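Look over the structure first, then read the points by topic.

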Amino acid sequence: MATMQLPVKINQTIEMEFTGLGHNGEGVGKYQGYTLFVSGALPGEIAKVKITKTNKNYGFARLLQVIKPSPDRVKPTCSIYEQCGGCQLQHLSYKGQLDQKRKIVQDNLERIGKIEDVTIHPTLGMENPWNYRNKSQVPFAEREGGLVAGFFAKGTHEVIDMKKCVIQQEANDRMVQDVRRIAEELGISAYNEVTHTGILRHVVSRVGANTGELMLILVTSRKDFPKKEQLVEKILEEIPELTSLVQNINEERTNVILGLKSITLWGRNVIYDTIGDIKFAISPRSFYQVNPEQTKVLYDKALEYAELTGEEIVIDAYCGIGTISLFVAQRAKHVYGVEIIPEAIKDAKRNAEINEIENVTFEVGAAEKVIPKWVEQGIKADVVVVDPPRKGCDEALLQTIIELKPKRMVYVSCNPSTLARDLRVLEDGGFKTVEVQPVDMFPQTSHVETVCLLTSNSKGSRGLDK
Ligand code: SAH
């Protein structure tokens, strides 16, 4: 076959129009039928760009000049937006972000899932889409004799100093800056990942948004170091509202932030937060949704879609620390939760106890192994909830759910493309996607969260109207 001629060459400057947003918030458009991704460009814009990379089916270019700007283009709020890369959509108005997130879901469902006749609601956004994150993880480094605490500059491991992050809850920024100042005054060194020397690696801070409880985790390269006692003393003096002060020891040459060992230096070993009426204990290493306000919105929607009367048996696959399980248990007969991480199941059981919720059973294991076993044991579910990681559901799990044939299924997804793939399998197995609700869990970023309702087709025929 003759080599295909691409319409562009590296370093060529072209003018093009953008029609959509890619996975990482880049502008996407076609130039003479060839797809190009350009960071910083927005749908509806015409811009001058320079080609930087070409693959067979698509390429990348750098934004040189916006010729016709989108009416939704705004000036980014954050002064370090360009360097950081933690947010990708601050140059798009919040309304524009919500519209685009809905469109991303719709495009994926149509293109990958071949699902067209379904209601996709407008994205549920936040009234104030800033300062929402309840957790920050900040790397430390040394600069000109002092300490800097901030973020790794986009694509590098150089720490850029950051006093304030516009999507963080203020308490997190304040605590990190307090630690930076105190450690600097005491002359405590920052860890250097090249030489594998120095003490302070990261500071992780967490806020229980609805309780006001604060946890500070000092990630250090060893357990003991000079001036450790003064550090603890000073932190407690300057942040008297702290609930929990933890040291986490990470001796490895790794970019994983937390090590396996945590020591409580002061206070409790967990903080509590609430979602609705339920209280959750959060330990230093537990997964917990980062946007508490929108978590409630997401779970309320999942609960609404589950349409529970109190009589139902519910399976919650990928249950984490049992957040959704306990949330729906209030309205169900019994909930079975399954999760692959043993610590998370330990937390889930403890959270059930704290809230005196007895109609739940949690089991450690892969959902695709444990649920078929439950089915064999005769457990019948009226409702199945799944909330898988980015790669979506295991094919074997989907087949089990198709056999199990619950009346309703609620699919919570953080990745529209694997969602679309899985919905196709479920539709071929006799389910019908009824409603799709995008929820903005991560304003200013390109991440999209979606909750979907499926009902099982009463005829139950496979491969129905493909
Ligand atoms: N529903 C929870 C957690 C969702 S995150 C919440 O809202 O907080 C997805 C979870 O799936 C993670 O906790 C991850 O550990 C778990 N997981 C990943 N692969 C799995 C598998 N094959 N079986 C069961 N759980 C899995």
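UniProt, in an unreviewed entry, lists residues 7–65 as "domain: TRAM". In this predicted model, the span is 58% strand and 0% helix. Its end C-alpha atoms lie 20 Å apart.

**Domain layout**

- The protein chain is divided into domain 1 (13–68), domain 2 (104–126 + 291–456) and domain 3 (135–274).
- Domain 2 is written as two stretches of sequence, 104–126 and 291–456.
- The centres of domain 2 and domain 3, taken over C-alpha atoms, are separated by 34 Å.

- The size of an interface is often expressed as the accessible area lost when the parts come together.
- Between domain 2 and domain 3, about 360 Å² is buried. Carbon and sulfur atoms give 67% of that area.
- On the domain 2 side, Pro292, Arg350 and Ile354 lose the most area to domain 3. Together they account for 76% of what that side buries.
- How many salt bridges link domain 2 and domain 3? The count is 0.
- By class, the side of domain 2 that touches domain 3 has 3 nonpolar, 1 polar and 1 charged residues.

**The annotated active site**

- The feature "active site" is placed at Cys414 by UniProt, again from an unreviewed entry.
- Where does Cys414 lie? It sits in the loop between β21 (408–413) and α10 (416–428).
- Which residues does Cys414 touch, leaving aside its neighbours within four places in sequence? They are Pro388, Pro389, Arg390, Val448 and Glu449.

**Salt bridges**

- Side chains of opposite charge can pair when their charged atoms come close.
- A search of the whole structure finds 21 salt bridges.
- One of them joins the side chains of Lys101 and Asp440, at 2.8 Å from N to O.
- Lys101 lies in helix α2 (residues 94–111), while Asp440 is in the loop between β22 (431–439) and β23 (449–456), so the pair ties together parts that are 339 residues apart in sequence.

Notes:
Residues numbered from 1 in each chain as written. Predicted model: local features only at pLDDT ≥ 70, side-chain atom pairs only at ≥ 80, totals over all residues. Heavy atoms only, no water. UniProt positions renumbered as here; feature names shortened; annotations may be inferred. Helix = DSSP H or I, 4+ residues; strand = E, 2+ residues; numbered from the N terminus. Contact = heavy atoms within 4.5 Å. Domains from an automatic or database assignment. Buried area = accessible area lost by both parts, 1.4 Å probe. Salt bridge = Lys/Arg side-chain N within 4 Å of Asp/Glu carboxyl O. Nonpolar A, V, L, I, M, F, W, Y, C, P; charged D, E, K, R; others polar.
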